[in-house]
Amino acid sequence: MPKDGGIGASSKRREDVRFLTGVGNYTDDINAHGQAHVFFLRSDVAHGKLNAVDTTTAAAMPGVVQIFTGADFEAVGGMPCGWQVTGKNGEVMQEPKHPVLASEKVRHVGEPIAAVVADTLEQARDAAEAILLDITELPAVIDMKAAVVANAPKVHDDLANNLCYDWGFVEENKAATDKAFLDAAHVTSLELVNNRLVANPMEPRVALGEYSQGTDEHTLYTTSQNPHVIRLLMGAFVLGIPEHKLRVVSPDVGGGFGTKIFHYQEEAFCTFAAKACKRPVKWTSSRTEAFMSDAHGRDHVTKIELALDADNNFTALRTDTYANMGAYLSTFAPSVPTWLHGTLMAGNYKTPLIYVNVKAVFTNTVPVDAYRGAGRPEATFQLERVVDKAARELGVDPIALRRQNFITEFPYATPVAVEYDTGDYHATMDKLEEMGDFSGFEARRKASEASGKLRGLGVNCYIEACGIAPSNLVGQLGARAGLYESATVRVNATGGLVVMTGSHSHGQGHETAFAQVVAEMIGIDESMIEIVHGDTAKVPMGMGTYGSRSIAVGGSAMVRATEKIINKAKKIASHLLEASESDIELKDGAFSVAGTDKSVAWGDVTLAAYVPHNYPLEEIEPGLEETAFYDPSNFTYPAGAYCCEVEVDPETGKVSIERFAAADDFGNIINPMIVTGQVHGGLAQGIGQALLENCAYDENGQLLSASYMDYAMPRADDLPMFSVDHSCQTPCTHNPLGVKGCGEAGAIGSPPAVVNAVVDALRSAGKDVTHIDMPLSPDRVWAAMQ
Amino acid sequence: MYNFEFQKPDTISDAVAALGAEDAQALGGGQTLLPTMKQRLASPKVLVSLKGIAELQGLCMGDDGSMCIGGATNHATVAVEATSYPALAATAAHIGDPAVRNRGTIGGSLANNDPSACYPAAALASGATIVSNSREILADDFFQGMFTTALEEGEIITEVRFPIPEKANYQKFLQPASRFALVGVFVAKFADGVRVAITGASNDGVFRWGEAEETLSTNFSPDALQGLSLSDSDMIADLHGTAAYRAHLCSVMTKRAVMAAN
């Protein structure tokens, strides 16, 4: 019998009522009295010397309030980078200045050069067209390997070259790893591209800056996944506004997928301009601007090699990756190809020796940063592709090869610095074999052949790391932020609760799932609990939502704060019941004295806390409000096994996904329906990457896929009915909920399954195809068959 | 979008007069023109909507048995009402999405002559006659290359007359992002021969594949196409397909259209 509330119940998403009935409050719904609008004049060349920006004519046009250029921002800081990576020889990464508005040079198509603030957006746009730009175009560097050869044009003249860092991990393992390759019975190698993506949340980015002259207070409304982090980065590093004079509000946000983690120029601009212009300044991104100013994702070029002994045991793994940073370092860009990628290269396997080299490269393209999965999809894709290729080369069953090399004992310390606390990879693979009906595959393949189609089956495993932590460790690794989360639980006199969380919901259903946790702990109805997030004036502190960390870290903070509430409430109850505190039990929203029928209701205790007439004032303070900060002791490690069955039309190369199954281990689960939805969304994005999405530049740095006419998003009819299971549960051992996180798994685990399946289909027709780079668009698949 | 004047005449002659103004532009369903204007890539001074002209709306059967479609008739209407020409109705039913089909018009599509649009293939393969406010133009003379037609400045498509073939079919291979035709082939078999028109593939816009027509006119079967192929020299090459891929798809889609028509 399914529960109808609390932990484990598929409670309906309470926030969906407002989203689905059009009464949500998104940033663009917010308009301030007297607001002006800003239009950004953006570079249409990828690389050029900015000789002059003449705003004389434009400034005199109707409605123009003020025009800003790079010169106006010389006195403020550049956009900060939140992670410093140290290279393999101890050298600190090259970190260029990232101005709010371009000065001296433009470095990618879409970089803002000037900002026109006017009464209306159309007036701002009219005036922007009258700005005269004098730009001397320079050769653009687009290809990463070409960018790091000697004498390549430099993206940043003041840096030594275009190499941001050259990272080796674990450097101490390198010699032993190289030797293992010399000793190997078999080596499988593969060169591949992890295609550049554009996140494309449904809601484009928006920023509205306000300034109160009377109190010298700034307010920024912005589409952010972590408003407190924006407050810190923008206040402390860019504009020099102390946090107590700066409020950042991120109300309903329509999807983030990572791209709304970062601090963007438009946010700093609107905050700065609101004070300079003495009126609120608003910017709403157009979809075209989003394509050329939202941080992009992925974009790795990798060579991976797997060494095996004569018994097909993995003995060593070696990778060589070029990771595109774009023209500037976005907020967390350096961490993605390193600490979120190299640390996951063990995957689900007990490979004893691993060495990862990553060269991060500056190019004249939009900055690249975390996108759903961030580093972990890149790790999973190359590993699961090379394992599949090895199985083919050795003529062994790809599932058997994986099982043979699975990690089976936990905790397991990988050779890439992380320790998996728990897992059961055979269990998820067993579940997958059941869901995938592999015994029926040959019959399905024959049926496909009868209709002229090639059928293929692809399987893969994945492991990921969520809830990046602990703060003291990530600090050593170069993070310039803590990675805890905070929660404040405020109980009102009449018994209702407000939970203020530093996690931010932009579609994940936190308002529902978080309420379930607190309701379970106290034994009250979920409707008595309100979840508040996304406003630095309401929530004391927060690190935000990314990396599938919200339930594992934010949820744990909430548990800790609620425990404090319960402890204090028990003290009050023991006073009211004239019993010893140690005898008080909380069950179903009532406090009772163990072994008696004496009890007092939750509401009576909360009322006593605020109307303390009969209250132990000499022992405890009135009121019932507690805050907790939770800093995890380790990452969490969700893992699973996925399979994909495709049909390929051999005449056109078109791939159709016929079946897809996902067996995930997320540890304990708060709301199964929400988890299923998260997996569905992740699968859609992973399959989108595998089959459709491709952010492409030409050699001059022009963005070829700058709209939905050329950037293919997955649509419902591109996807099959998913078979999803999360009944294999090995609870996380180090957080109080035993949860692992589920937001990114689908996007991490699905691309290799799709590619493995298509390669299998083509090989079934006798085609000597070992790899096709994503997206597996019809033309690419057809070309591979020729 | 820049400012413009908007006019919505209710007769063809008023529309023609309005289009005589400087930088005036006819507006059908606006499915191409309006996004272009929003991006400030087009800046007509006067927009003359053809939607208010009753005689440009709707379908009827001509005395010669052809299907006549008013120039401002939207795709959704053709999809439902062109029952005498099922292949044409099916073509209209798969243009764009419901919003596009309820706004976009046949006259607008033909006048724009997007190299990836569906209707040009249907009109050319059917040997349609494009009727304007001043003359009648055979489809073979109408399409003159990518975004180029025989229409003069200010000339309005008032009607399109489709002879109804014995058999016909349109096969569209979708460009994955836009879902326009990466290659679309319309095959129409008449008593006096077969016509094959291809959209999406060529740098010159919609074109007829003479060799396939000749072969199919003697043997209207997919097997007859065996060994026939188009040169890739004038084919479009872009992010979604090489010239060679498009040339290959022309053969595949033609074969499938013949198979479906039979």
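What share of the contacts in chain A with a separation of 6 or more comes from residues 24 or more positions apart? Before I answer, a note on the source: this is a predicted model, in which local features need pLDDT of at least 70, side-chain atom pairs count only at pLDDT 80 or more, and totals for chains, interfaces and linings use all residues. Residues are numbered from 1 along each chain as its sequence is written, while chains are lettered from A and ligands numbered from 1 in the order in which they are written.

The answer is 80%, where two residues are in contact if their C-beta atoms, placed from the backbone, lie within 7 Å.

Chain A has 19 helices and 30 strands, these being DSSP runs numbered from the N terminus (helices H or I, at least four residues; strands E, at least two). With a radius of gyration of 27 Å, close to the 28 Å that the globule rule gives for 786 residues, chain A is as compact as a globular protein of that length. That radius is taken over C-alpha atoms, and the rule is 2.2 Å times the number of residues to the power 0.38. Along the principal axes, the C-alpha atoms of chain A fill a box of roughly 85 × 75 × 55 Å.

I turn now to chain B. An automatic or database domain assignment supplies the bounds: domain 1 (5-49), domain 2 (54-162) and domain 3 (167-261). In chain B, the centres of domains 1 and 2, taken over C-alpha atoms, are 19 Å apart. Between them, 12 residues of domain 1 of chain B are in contact with 16 residues of domain 2 of chain B.
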